[in-house]
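Thanks, everyone. Let me put the model on the screen, and then we can walk through it.

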Amino acid sequence: MNARPLSLISSAILSVCFLIILILPAAENLFHLAPQIELPEKRRLHDYPVFKWQWNALSAYPARFEAAFNDHFGWRGLLVRSQALAKFYWLRISPSPKVILGRDGWLFLESSIQEYRGLVPLPFVRIRQWERQFAAKKAYLSARGIRYLVVVAPNKETIYPEFLPASITQVHHRVFMDDLVKALPADFDLDIVDLRPPLLKAKKVGRLYLRTDSHWNQLGAAVASDAIIERLSDWFPEFKSQKNRREFRIVKGRSGDLARLMGLEEHLSEEAIVIPGRPRLRRAALKSHMKMRGIISNQAVESVGGKQQLNAILTGDSFTGTLGMFLPAHFRRTLKIRPLIPFEDPLFQSVIEAEKPDVYIEVVVDRHLANPPRVIGPSESPSAD
């Protein structure tokens with residue numbers, strides 16, 4: 001066979017392949033051939049616009065159609081997932097700009113790395129916002145005989161810097177909490193718990209944070225709960241915390257939020273730590289009848305079989321989720337609210353008057369000190385943690 005027929009055959013094959021590539025997206029939209037893959041976009045996909053004979057609608061139609069077409073392009077999920085797999089396993093780079101690949105399979109949240117390096121100080125305006133919040137809540141709660149405790153959970157890289165890439169180093173040894181405490185007036189009366197010392201000390205016991213997630217695991221939350229109870233024992237001598245936790249088991253579990261951000265939640269796994277014999281808690285009725293607009297979650301729990309007499313409100317960001325497995329065991333009743341409620345929000349006083357707690361505990365992860373709580377309007381939604 002001479003060169004010309006071979007050239008014709010090659011051209012024909014290329015043409016057929018080109019036509020298949022052109023047809024496949026349309027075929028997918030018509031017959032849904034591709035596997036359903038959920039992408040970690042955290043947004044609503046654009047819908048195809050309705051054609052209208054109006055000038056404003058006509059001028060906006062091309063851009064809106066293009067956005068919808070891009071969101072619903074045939075085989076889009078499979079293509080995006082394949083790209084993520086190629087970047088992660090082949091090129092060894094993160095498929096998401098929000099995630100940094102560390103050592104030994106550890107993942108880190110990119111948005112807090114500059115803070116870890118000490119290059120981004122906590123803005124002064126944020127410090128003053130927190131100061132006003134702390135002062136207003138302290139005065140209101142103290143007038144009612146309620147103890148007020150602020151707890152700051154460290155970012156993951158603060159406890160495990162050894163798993164960061166070698167290219168990421170600290171320039172200044174400070175984090176947002178250091179900036180906040182340093183800037184508060186010397187006579188500012190605030191009870192605040194820094195969880196860095198107890199967590200750093202407990203590293204020798206076991207892993208405290210999840211490799212593929214930005215949060216602590218059950219062991220980290222248990223150590224944090226012990227540190228909080230130890231501080232509360234200065235006010236309530238009946239509190240006894242469990243120290244030197246060494247009983248836990250390691251199980252294979254699902255990957256965490258950082259793996260989901262990369263679109264690889266189904267391809268990565270996690271070694272989860274489970275604390276056996278956790279305290280028994282049961283759901284309880286809510287006392288506040290005010291509509292909890294803007295609240296991601298709210299739940300009241302009671303201890304089972306204990307002799308606890310005190311009530312608490314535990315509020316904060318997503319770090320309170322696992323903490324809520326352990327801390328409420330020390331109280332008769334605990335109302336868990338997420339996120340933090342600003343003092344200006346009528347919901348704050350409504351919840352306090354309904355629950356009448358003995359202690360009000362606010363937990364915030366260090367990186368979220370850059371975002372003080374704010375009043376959430378009826379049409380707004382709180383940002384994800």
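Start at Glu157. Leaving out residues up to four places away in sequence, Glu157 touches Phe108, Ser112, Ile113, Tyr116 and Leu164. Contact here means heavy atoms within 4.5 Å. Glu157 sits in helix H6, residues 156–159. Helices (H or I, at least four residues) and strands (E, at least two) are DSSP runs, numbered from the N terminus.

Before going on, the ground rules. This is a predicted model, where local features need pLDDT of at least 70 and side-chain atom pairs count only at pLDDT 80 or more, while totals for chains, interfaces and linings use all residues. Residues are numbered from 1 along each chain as its sequence is written, and side-chain values use heavy atoms, with hydrogens and water left out.

Back to Glu157. Which side chain of opposite charge is nearest to Glu157? It is Arg367, 5.9 Å away. Glu157 is buried yet has no salt bridge. Buried means under 20% relative accessible area, exposed means over 50%, and partly exposed is in between (1.4 Å probe, protein chains only). A salt bridge needs a side-chain nitrogen of Lys or Arg within 4 Å of a carboxyl oxygen of Asp or Glu. On charge, Lys and Arg count as positive, Asp and Glu as negative, and His and the chain ends are not counted. Glu157 does have a polar contact, side chain to side chain, with Ser112 at 2.6 Å. For that term, the pair is N or O atoms within 3.5 Å; within protein, one must be able to donate a hydrogen and the other to accept it, and residues adjacent in sequence count only if both atoms are side-chain atoms.

Now the salt bridges. How many does a search of the whole structure find? The count is 13. Take Lys138 and Asp191: their closest N and O atoms are 3.3 Å apart. Lys138 is in helix H5 and Asp191 is in the loop between helix H7 (176–183) and strand E4 (192–194), so this pair ties together parts 53 residues apart in sequence. Both Lys138 and Asp191 are buried.

Next, Glu355 and Arg333. Their side chains meet in a salt bridge, 2.9 Å from N to O. Glu355 is in helix H12 and Arg333 in strand E10, so the link spans distant parts of the chain, 22 residues apart. Glu355 is buried at 5% relative accessible area. Arg333 is buried too, at 4%. There is also a network: salt bridges with shared partners join Lys138, Asp189 and Asp191.

One more pair. Asp194 and Arg196 form a salt bridge, with closest N and O atoms 2.8 Å apart. Asp194 is partly exposed at 25%, while Arg196 is buried at 17%.

On to the backbone. Where is the cis peptide bond? It joins Arg338 and Pro339, with omega about 5°. Pro339 lies in the loop between strand E10 (333–338) and helix H12 (346–355). Leu340 is in that loop between E10 and H12 as well. Leu340 counts as buried, at 12% relative accessibility. Beyond four places in sequence, Leu340 touches several residues, including Trp130, Thr315, Val363 and Pro373. Leu340 and Arg374 are 34 residues apart in sequence and 8.5 Å apart in space, C-alpha to C-alpha.

Asp104 is not a glycine, but its phi is positive, about 55°. Asp104 is in the loop between strand E1 (99–101) and strand E2 (107–109), and it is exposed at 62%. Lys356 also has a positive phi, near 50°. Lys356 is in the loop between H12 and strand E11 (359–365), exposed at 57%.

Last, the chain overall. There are twelve helices and eleven strands. Of its 385 residues, 46% count as buried. Among contacts between residues at least 6 apart in sequence, 72% join residues at least 24 apart.

That is the tour. Questions, please.
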